[in-house]
Amino acid sequence: MGKFDEAGKEKETLNLLTSTQTIIHDAIIELGFNQDMYHLLKEPLKTLQVRIPVRMDDGSTKIFTGYRAQHNDALGPTMGGVRFHHQLKEDDIKALSMWMSLKCGIADLPFGGGKGGVICNPRTMSFGELERLSRGYVRAISQIVGPTKDIPAPDMYTNSQIMSWMMDEYSRLRQFDSPGFITGKPLVLGGSEGREKAGAKGVTICIEEAVKRSGIRLKGARVIVQGFGNAGSFIAKLMHEAGAYIVGISDVYGALYDPDGLNIEYLLSRRDSFGTVTTLFEGAISNQELLEQDCDILVPAATSNQITVENAGNIKAKLIVEAANGPTSLEATKVLTERGVLIVPDVLAGAGGVTVSYFEWVQNKQGYYWSPEEITEKLRNRIVKSFNEIYDLAQNRQINMRLAAYIVGIRKMAEASIYRGWI
Ligand code: NAD
């Protein structure tokens with residue numbers, strides 16, 4: 001299951017809601033829509049709160065609170081993950097459903113954004129308790145979800161086993177097999193090849209496209225990757241295989257930097273399952289120092305709010321590709337853009353996961369499954385197309401790629417809302 005830093009998560013969601021609304025507002029103005037459109041899109045159309053009784057192993061019954069938010073279904077069903085976390089708040093889920101709408105729009109998927117979650121601490125729960133909670137959550141939200149309504153997926157602290165229980169529960173309720181109800185399933189239950197690494201793969205495709213536009217050659221480029229977890233380690237590995245020098249990496253405890261390139265294979269072999277490796281070495285520097293070291297490409301892949309007005313002026317990278325959610329503040333985006341640094345925004349770089357969720361849903365619908373090569377090719381085609389569209393829009397309008405990505409992310413949804421007569 002996924003892991004994350006508690007304080008980082010708090011900041012991430014706070015930042016996410018306000019910054020998402022701010023840029024949606026700017027994008028609506030750029031698109032020429034009125035304030036009514038902003039009021040439609042600034043919050044989800046539907047948010048359901050449920051209470052889920054679960055029999056615990058000691059015989060007691062505990063009541064858990066869960067949510068499912070559906071941002072906008074003008075383009076089709078909503079889609080997005082379910083997270084299990086003890087500090088979950090309704091606002092987190094609302095903001096994350098809006099974020100999913102943007103990613104769906106950017107990848108040109110026939111979906112709106114959805115998100116769900118349950119307030120619980122899965123680390124303290126047994127396998128059996130987790131199964132009963134997962135099934136209870138599906139029963140509680142069953143009226144508003146389904147393969148043609150709203151499709152859940154894995155997110156923080158949920159995984160393919162939890163998706164399997166949820167799919168089974170939904171299929172039992174409906175009395176027919178419904179693999180298309182949920183994505184992120186194991187292959188034997190109709191999961192898709194390449195789903196697990198799709199998010200990180202999308203980031204690396206964006207890096208490959210962005211270097212072409214920045215006059216950087218990937219072979220020999222000096223890359224700093226902040227965060228050495230699932231995303232960061234995979235990105236560092238792929239960049240190393242593409243001939244780049246990984247000159248810096250970090251985890252929550254500190255950072256390693258070597259201008260001649262780190263021994264990335266060795267570091268990958270020594271990292272633990274929490275993405276920690278720097279504690280094994282002397283001479284580590286801080287994460288903040290790492291961000292300001294000399295490099296060509298900086299990939300923040302740890303947590304939010306890492307690049308702010310305080311350090312934006314000291315960043316040496318010519319290209320920043322955001323693997324983490326919200327690593328760069330809006331003010332820092334402005335400073336860096338004025339300095340000529342190209343920033344590939346999180347909503348574009350992170351669109352790989354939902355794109356392969358869409359592929360899983362399509363495969364479930366047709367009952368015919370694609371090879372890993374086909375998935376990779378289809379993912380690459382979509383991300384490259386989205387990248388080019390957003391890059392070109394940013395160039396033509398003389399705006400940064402973040403605003404351009406939001407424009408692309410909401411455009412079709414806004415148009416569909418007008419055609420439907422909602423505005
Ligand atoms: P993870 O928990 O596996 O790893 C997080 C890494 O960041 C660890 O090395 C951890 O030590 C480090 N870290 C945590 N807090 C930090 C801090 N305050 N300062 C510096 N380092 C810190 O998480 P992950 O799955 O790699 O996800 C990281 C980010 O990338 C998230 O925002 C996630 O949404 C995004 N992302 C994940 C994937 C994926 O495939 N898992 C793909 C694309 C993007």
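Contact here means heavy atoms within 4.5 Å. Keep that in mind for what follows.

Some ground rules. This is a predicted model, where local features need pLDDT of at least 70, side-chain atom pairs count only at pLDDT 80 or more, and totals for chains, interfaces and linings use all residues. Residues are numbered from 1 along each chain as its sequence is written, and side-chain values use heavy atoms, with hydrogens and water left out.

I'll start with glutamate 209. Glutamate 209 sits in helix α6; helices are DSSP runs of H or I with at least four residues, strands are E runs of at least two, and both are numbered from the N terminus. Is glutamate 209 buried or exposed? Buried, at a relative accessible area of 8%. The cut-offs: buried is under 20%, exposed is over 50%, partly exposed lies in between, with a 1.4 Å probe and protein chains only. What does glutamate 209 touch, beyond neighbours within four places in sequence? Val384, Phe387 and Asn388.

Now the helix itself. α6 covers residues 198–214 and packs against α13, residues 352–366. The angle is about 120°, and the axes are 6 Å apart. Axes are lines fitted to C-alpha atoms, for helices over the stretch in contact, and angles run from 0 to 180 degrees between N-to-C directions. The two helices are therefore oblique to each other: under 35 degrees would be roughly parallel, over 145 roughly antiparallel, 65 to 115 roughly perpendicular, and the rest is oblique. From α6, the contact uses Ala198, Gly199 and Gly202; from α13, Gly352, Gly353 and Val356. By class, that is two nonpolar, four polar and no charged residues. Gly counts as polar here; Ala and Val are among the nonpolar residues, and Asp, Glu, Lys and Arg are the charged ones.

Next, the sheet. Six strands form an open, mixed sheet, ordered β8-β7-β6-β9-β10-β11. Two strands pair if DSSP finds at least two bridges between them. The edges are β8 (254–257) and β11 (342–344), each pairing on one side only. Neighbouring strands are turned by 15° on average, direction ignored. Inside the sheet, β6 (222–226) and β7 (245–251) run parallel, joined by four bridges. Arginine 222 faces tyrosine 245 of β7. α6 packs on this sheet too, touching β9, β10 and β11. The α6 direction makes about 160° with that of β10.

Last stop: tyrosine 67, in strand β2, residues 61–70. Tyrosine 67 is buried as well, at 8% relative accessibility. Beyond four places in sequence, tyrosine 67 touches residues including Leu48, Ile93, Lys115 and Tyr137.
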